[in-house]
Amino acid sequence: MPETTLFKVTIDNISIDVPAGTSILNAARMIGGDVAPPAMCYYSKLEGSGGKCRTCLVEVSKGSEKDPRPMPKLVASCRTTVMDGMEVKNITSPKVVDARAGVVEFLLLNHPLDCPICDQAGECHLQDLSYEHGKEGTRYEFQRRTFKKHDLGKYIQLHMTRCILCYRCVFAADQLTGKREHGILDRGDHSEIATMIEKNLQNDFIGNVIDVCPVGALTDKTFRFKNRVWFLKPMNAHRDCPTCSGKVTLWNRGEEVFRVTARKDQWGEVEDWICNECRFEKKQSSDWIIEGPRLIDRHSVISQGHYAGTVGTNMPTETIEAVLSGRQPKLLMDIHEVSEVNRPQIELSKINGPAHSNNFNPDND
Ligand code: SF4
Ligand code: FES
């Protein structure tokens, strides 16, 4: 076997030897922790992904051993390969931290701040990024983009206003289904995800676009508005599926299965693609062999307060005053009262035990 050439790269003062051809982002992931830049569009399992969102920008302070000149501009770490002797700064570079705040501001230009009613809240990479790098206010004074509604079939909901045009779903549809089912139409701020002539996405594996979407633009219609992810208990489970690996994460409340997703690794990427039947049709505990609680590796709100998790139980500190520089909020609204989505006519305090999807099921009204 030919010997692999190894290149030494130093990222945030930590050195590692990686095979030639490795991207800076993947080298940083090998080191792990905060050294790994955030990635909103790169997805290691999707060919051609990356280079769209610029959240992974890093500073190359030394090009290589042979040519030590620094790179003149910040580079997208998902699209730049390491050179031998390269030195990279991620969180240790004030330029990177500043640029990332700018990228987040750009990503949020048109993105609605509807986290309180968005199903992706709690596991949204843009939400995390906004907390870590975002600014409190917006400088954008124009009307945000709006779109004509598109119907993507009975399982998948598209909220185009939330889309950050990362192309992951396009690559996933293209590469998993063997037949291109949808794409990005138009250019610039008119760009949008759409199926040609409103054709439904009909393919056994198309549900995976929900898992690859880093924001709440593509969500599961069978789970829509049913619960918040941090109230659910993620469990590893499997079944003997003729179509896919059958290895999933169940999101339960008590015995009730609210949602089925693929299992995700520490970078938020799917480990094994799952089929639509497992994802959308198997919502009974009896459909599954439960393996045990799933550890959510990312420092996620989902890990907080769970009986099993890598983070443990931490009481949140009061943040509103802190982000308002000590000022009291002028107005606090109870989302349950102001949002039609949550059915204000249902009095939560009168429900016996925790609220379940049954309480919010239109058939019960
Ligand atoms: S819908 Fe989601 S996955 Fe698809 S391009 Fe938009 S943000 Fe990316
Ligand atoms: S992750 Fe590198 S540009 Fe989006």
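Predicted model: local features only at pLDDT ≥ 70, side-chain atom pairs only at ≥ 80, totals over all residues.

Visitor: Why is Phe225 called partly exposed?

Guide: Partly exposed covers the range between buried, under 20%, and exposed, over 50%. Phe225 has 32% relative accessibility, so Phe225 counts as partly exposed. Phe225 lies in the loop between β9 and β10, and has a positive phi of about 60° although it is not a glycine.

Visitor: Which label does Trp230 get, and why?

Guide: Trp230 has a relative accessible area of 30%, which lies between the cut-offs of 20% and 50%, so Trp230 is partly exposed. Trp230 is found in the loop between β9 (218-220) and β10 (233-238). With Phe231 and Val301, Trp230 forms a nonpolar patch on the surface. Together the three residues have about 270 Å² of accessible area.

Visitor: What does the surface of the chain amount to as a whole?

Guide: The chain exposes about 20000 Å², and carbon and sulfur atoms supply 52% of that area.

Visitor: How many helices and strands are there?

Guide: The chain has eight helices and 13 strands. Five strands form an open sheet in the order β2-β1-β5-β3-β4, with mixed pairing.

Visitor: Which are the edge strands, and what makes them so?

Guide: They are β2 (14-19) and β4 (75-76), as each pairs on one side only.

Visitor: How do you know that β3 and β4 pair?

Guide: Two strands pair if there are at least two bridges between them. Strand β3 (residues 57-62) and β4 are joined by two bridges, so β3 and β4 meet the cut-off. The two strands run antiparallel, and Leu57 stands opposite Ala76 in β4.

Visitor: What lies against this sheet?

Guide: Helix α1 (residues 24-31) lies across β1 (6-11), β2, β3, β4 and β5 (86-89), and runs at about 120° to β2. Helix α2 (residues 94-107) also packs on the sheet, where α2 touches β3 and β5. The direction of α2 makes about 160° with that of β3.

Visitor: Which residues of helix α3 are buried, and what do they pack against?

Guide: In helix α3 (residues 125-133), the residues His125, Leu126, Gln127, Leu129 and His133 are buried. The buried residues of α3 pack against α2.

Visitor: What makes β11 and β12 a pair?

Guide: The cut-off is at least two bridges, and β11 (residues 247-253) and β12 have six, so the two strands count as paired. The sense is antiparallel, with Leu250 standing opposite Val260 in β12. β11 and β12 form a hairpin with two residues between them. In the turn, Gly254 has a positive phi of about 60°.

Visitor: Why is strand β12 called mostly covered?

Guide: Buried means under 20% relative accessible area, and six of the seven residues of β12 (residues 256-262) are buried, so the strand is called mostly covered.

Definitions and conventions:
Residues numbered from 1 in each chain as written. Chains lettered and ligands numbered in written order. Heavy atoms only, no water. Patch = residues over 30% accessible without salt bridge, like charges linked within 9 Å, V, L, I, M, F, W, Y side chains within 5 Å. Areas by Shrake-Rupley, 256 points an atom, 1.4 Å probe, with all protein chains shown as cover. Salt bridge = Lys/Arg side-chain N within 4 Å of Asp/Glu carboxyl O. Helix = DSSP H or I, 4+ residues; strand = E, 2+ residues; numbered from the N terminus. Buried < 20%, exposed > 50% of the residue type's maximum accessible area, 1.4 Å probe, protein only. Contact = heavy atoms within 4.5 Å. Axes fitted to C-alpha atoms, helices over the stretch in contact; angles between N-to-C directions.
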